[in-house]
Amino acid sequence: PGVDAGAGTGRYLAAVLAALPDAVGLALDVSKPALRRAARAHPRAAAALADTWQRLPLADGSTAVLLNVFAPRNGPEFHRVLDPAGTLLVVTPAADHLTELVDALDLLRVDPDKADRVAASLGKHFTPVSSTVHRAELALTRTEVATLVGMGPSAWHTDPGALAARVAALPEPVRVTVAVRLDAHRPR
């Protein structure tokens with residue numbers, strides 16, 4: 001089975017399951033509202049309440065593919081549940097992720113040492129296999145920008161009124177670079 005740790009609404013897990021017709025998946029998250037959506041994200045997906053910082057509700061070595069998309073990483077626990085021949089896929093923001101919005105909306109910047117911190121958090125338990133950066137440019141409405149920002153860490157660190165005023169001042173469509181790094185790891 002495939003597991004998405006920190007799955008949110010299950011969108012990424014559903015995409016993986018759509019590409020793999022024989023696979024089943026499990027979405028893990030700490031948010032009950034998100035899990036209700038994740039449980040309906042794909043017919044072969046289930047959802048369970050779990051905090052990625054705690055013991056996951058999975059047997060040792062039971063997971064073939066473990067997804068971790070913009071979510072906390074628990075190297076020791078991921079190692080415990082991943083099959084020795086399995087793969088951990090970690091998606092993190094690249095340095096230029098949402099770069100057009102960072103200055104315009106006074107958002108948090110991507111830590112330039114993010115890749116090194118991720119590697120260090122997994123290094124004792126995993127060996128890196130590959131790393132690729134994927135980029136796309138989106139043309140968004142102001143409403144879509146507000147939703148996008150609301151899903152990220154800046155939503156917790158920015159005054160909501162000031163953020164709404166900055167979003168309202170953006171010209172439409174808002175051109176935004178989405179840049180993510182996909183790292184594949186194997187258990188040691």
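The model is predicted: local features need pLDDT of at least 70, side-chain atom pairs count only at pLDDT 80 or more, and totals for chains, interfaces and linings use all residues. Residues are numbered from 1 along each chain as its sequence is written, and side-chain values use heavy atoms, with hydrogens and water left out.

Student: Is His 42 buried or exposed?
Tutor: His 42 sits in the loop between H2 and strand E3 (45-49). Helices (H or I, at least four residues) and strands (E, at least two) are DSSP runs, numbered from the N terminus. Buried means under 20% relative accessible area, exposed over 50%, partly exposed in between (1.4 Å probe, protein chains only). At a relative accessible area of 14%, His 42 is buried.

Student: Which residues does His 42 contact, leaving aside its neighbours within four places in sequence?
Tutor: Contact means heavy atoms within 4.5 Å. With those neighbours set aside, the partners of His 42 are Ala 14, Leu 17 and Ala 18.

Student: What is the relative accessibility of Asp 96?
Tutor: Asp 96 lies in the loop between strand E5 (82-93) and helix H4 (99-105). Leaving aside its neighbours within four places in sequence, Asp 96 touches Arg 135, Thr 177 and Ala 179. Asp 96 counts as partly exposed, because its relative accessibility is 22%.

Student: What separates the C-alpha atoms of Asp 96 and Ala 19?
Tutor: Along the chain, Asp 96 and Ala 19 are 77 residues apart.

Student: Where is Arg 36?
Tutor: Arg 36 is partly exposed, with a relative accessible area of 49%. Its place is in helix H2 (residues 32-39).
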